[in-house]
Amino acid sequence: MAYQSIDGVQYEKELLELAKKHTTGRGEGRLSKDEVAELFASAQDGPGVTDTEKRTLQYIRENFPFTDAAQRDFDEAFSKL
């Protein structure tokens, strides 16, 4: 697992890159419901979601734009971790 440090805090690089990919380039520039599902699938790729993955998901929630429906899906999925 690769990491990226932002302001001295370590995050999972793969999740950050996935969020960036979905919010730049073509498209509306906001994370959709399908893209949120993809983020959580990526975070749950091992035996469980690590603290670093949870911290990264929280960073994404606070720093990336979402559609309204994606925000609801994200918050619901995150509350179950």
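Predicted model: local features only at pLDDT ≥ 70, side-chain atom pairs only at ≥ 80, totals over all residues.
Local features need pLDDT of at least 70, side-chain atom pairs count only at pLDDT 80 or more, and totals for chains, interfaces and linings use all residues. Residues are numbered from 1 along each chain as its sequence is written, and side-chain values use heavy atoms, with hydrogens and water left out.

The largest nonpolar core holds 18 residues. A nonpolar core is a set of buried Ala, Val, Leu, Ile, Met, Phe, Trp, Tyr and Cys residues joined through side-chain atoms within 4.5 Å. Buried means under 20% relative accessible area, exposed over 50%, and partly exposed in between (1.4 Å probe, protein chains only). The residues with the most contacts inside this core are L31, V36, L39, L57, I60, F64 and F66. Two or more residues each come from α1 (13–23), α2 (33–43), α3 (51–63) and α4 (68–79). Helices (H or I, at least four residues) and strands (E, at least two) are DSSP runs, numbered from the N terminus. Contact means heavy atoms within 4.5 Å. Neighbours within four places in sequence aside, V36 contacts L31, F66, A70, D73 and F74.

Helix α2 buries E35, V36, L39, F40, S42 and A43. Seen down the helix axis, the buried residues of α2 fall within an arc of 160°, so they line one face. The arc is that of the directions from the helix axis to the C-beta atoms. These buried residues pack against α1, α3 and α4.

The structure holds 4 aromatic pairs. Rings of Phe, Tyr and Trp (its six-membered ring) pair if their centres lie within 6.5 Å; planes under 30 degrees apart count as stacked, over 60 as edge-to-face and the rest as tilted. The ring centres of Y11 and Y59 are 4.7 Å apart and the planes stand at 45°, so this pair is tilted. Y11 belongs to strand β2 (residues 9–12) and Y59 to helix α3, so the pair ties together parts 48 residues apart in sequence. Y11 is buried, at 9% relative accessible area.

F40 and F74 pair edge-to-face, 5.0 Å centre to centre with 65° between the planes. F40 lies in α2 and F74 in α4, so parts 34 residues apart in sequence are tied together. Ring pairs link F40, F66, F74 and F78 into a cluster.

T56 lies in α3 and is buried, at 0% relative accessibility. Residues up to four places away in sequence not counted, T56 touches Y11, E12, L15 and L16.
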